[in-house]
Structures are given as C-alpha cells and as structure tokens.
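Below is a short note for a colleague who has not seen this structure before.

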Amino acid sequence: MRKLLLSAAAALSFAALAPAANAAPILIFGQTSGSNTITGTGGLGGTSFSGTDIAISISQIAAANPTPIAAFLDITASNITGATTVLGAIVQHFSGTFSINSLANNTGTNFLSGTFTDAAITASGASGIAVFADATFTSSVTTTLGLPRNFNLALTNVLPVVSTTACTTVPACSSGQTISSFTAAIAGDASANAAVPEPMSIALLGAGLLGLGVARRRKHAA
C-alpha cells in the first residue's frame, strides 16, 4: 500500500504540471503490485511499451465514490519520433491506447479508455520517465469529458536506467536514436473538463501523499 500511495503522489505531481485550462483530474490511479508491470522494447525498429491486466487502484474518479476502486489497466504505445536530447533531457514522442476496466480482459465497467499522443521526457541514467499526452476519452461512468483532455503517466523504477540505442525505422527514428529496452512500474492521471470530487478531499490526499514521500526520503538517508 505504501508503494501504491507513493506512485499516486507522483501522478498527482505530473497532473499539476500538465496543461490545465478548465481541465480537472477525473481519474488518478497507481498499480497495486510491488514489481514492475510495464515492459519496454527498444531496438532498430524503435521503442514500444505495454502492460496487460495490470492490477491498479483508482484513488480518485469524478463519477464514482467511494474510493479506492480496484481495476485493471491495459496499455500499449509505440514511438512516432526518434529520441532527441533537449537541454539535457531525452525527449521522444509516443502514440498509444489504454483502457481501465473493473474486470480483467478488457471487460466489466469501462472507467476510462482512449488514445494518447505526446512526449516522453526523461534523462540519461534516470530511473523514471514522464509522459504528458493529449488524449481522447470514453467512459461508462464519467459522462462529461470536454476539452482540454490530458493523460499523464509516471513510469518509475525504470530498469535498467534510461539510455538510448540506435534505430533505423524512418520517419519514426529519423534522429537515429530511441529509448532502450526497460521495465517499469506505472501510475497516472487523466484530466478533462468534467465534474470532480469535493476539492478539500483532493487537497488532503495530496498532503498525505507528500508526507509519505518525505518519510521515504528520510528512511533512505538514514
């Protein structure tokens, strides 16, 4: 549970950085497994990452209470550009699909599903990758999904640490580099112009998660 809450804290921090306009968080999730659930494959043909039937916990959702809610995530994405270095950060654009359902095998209630396209940002030697994406959404429980819509992912515990490798596919690898193979844990959030839970409960959740993050850093420093 501690690992799950820390993952959700990372997702909350990404939500704060994403374009806001009138968008507000409609769903926040983190995996419940303590092991890496995402597999990324990088090589001459570019980089893709995916995970199937990942057990997650939804810590906030606009149209359903109470939380947490147990669910399953399916996600897949492939690069649409090569990896480039900008101000010391590795930037590579991906396009993909995702679904979050109440049951495995893409069945049960569709809490949220859709497509996303935008940039993955990280640094060489880092253990995390942030994905900030524009998205399309469908949902069986959240009926108002107006613009702007954003889908943000935190890939954490990236193993081995992030690096790039040569690729040759054109135009997806026009830079000649792509993110190397990896495994990772996942958390994320989605935002849209929709009704959200009472703001004070969100603030309290964020404060609690921040405290857990500070405690973890102190433990490692000891």
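1. In this predicted model, the second largest cavity is lined by Phe49, Phe94, Ala120, Ile129, Val131, Leu155, Ile179 and Phe182. By class, that lining has eight nonpolar residues, no polar ones and no charged ones. The space inside the second largest cavity is about 30 Å³.

2. The largest cavity has a volume of about 40 Å³. Its lining consists of Val158, Pro160, Val161, Val162, Ser163, Ile179, Ser180, Ser181 and Phe182. Six of these lining residues are nonpolar and three are polar, with no charged residue. Counting cavities of 30 Å³ or more gives two.

3. Which residues have the most contacts inside the largest nonpolar core? They are Ile75, Ile100, Phe137 and Phe151, in a core of 41 residues. The elements giving two or more residues to this core are β1 (24–31), β3 (46–61), β4 (69–79), β6 (89–103), β7 (107–122), β8 (129–138), β9 (146–159) and β12 (182–193).

4. Phe151 deserves a separate look. With neighbours within four places in sequence left aside, Phe151 is in contact with Phe29, Ile75, Phe98, Phe116, Val131, Phe132, Ala133, Ala135, Phe137, Asp189 and Ala190. Among these partners are Ile75 and Phe137, which are also listed with Phe151 for the most contacts inside the core.

5. How many disulfides does a search of the whole structure find? The search finds one, formed by Cys167 and Cys173 with their sulfur atoms 2.3 Å apart. The torsion about the S-S bond of Cys167 and Cys173 is about -115 degrees, so the disulfide is left-handed.

6. Cys167 counts as buried because its relative accessibility is 5%. Cys173 has a relative accessible area of 3%, so Cys173 is buried.

7. On the overall fold, the protein chain has two helices and 12 strands. Of the 222 residues in the protein chain, 44% are buried. Among contacts between residues at least 6 apart in sequence, 65% join residues at least 24 apart.

Technical notes:
Residues numbered from 1 in each chain as written. Predicted model: local features only at pLDDT ≥ 70, side-chain atom pairs only at ≥ 80, totals over all residues. Heavy atoms only, no water. Core = buried A, V, L, I, M, F, W, Y, C linked by side-chain atoms within 4.5 Å. Buried < 20%, exposed > 50% of the residue type's maximum accessible area, 1.4 Å probe, protein only. Helix = DSSP H or I, 4+ residues; strand = E, 2+ residues; numbered from the N terminus. Contact = heavy atoms within 4.5 Å. 1 Å grid on protein atoms, 1.4 Å probe; cavity = no way out; pocket = protein on both sides within 12 Å on 5 of 7 lines; lining within 4 Å. Points joined across faces, edges and corners; volume = space filled by probe spheres on them. Nonpolar A, V, L, I, M, F, W, Y, C, P; charged D, E, K, R; others polar. Disulfide = S-S within 2.5 Å.
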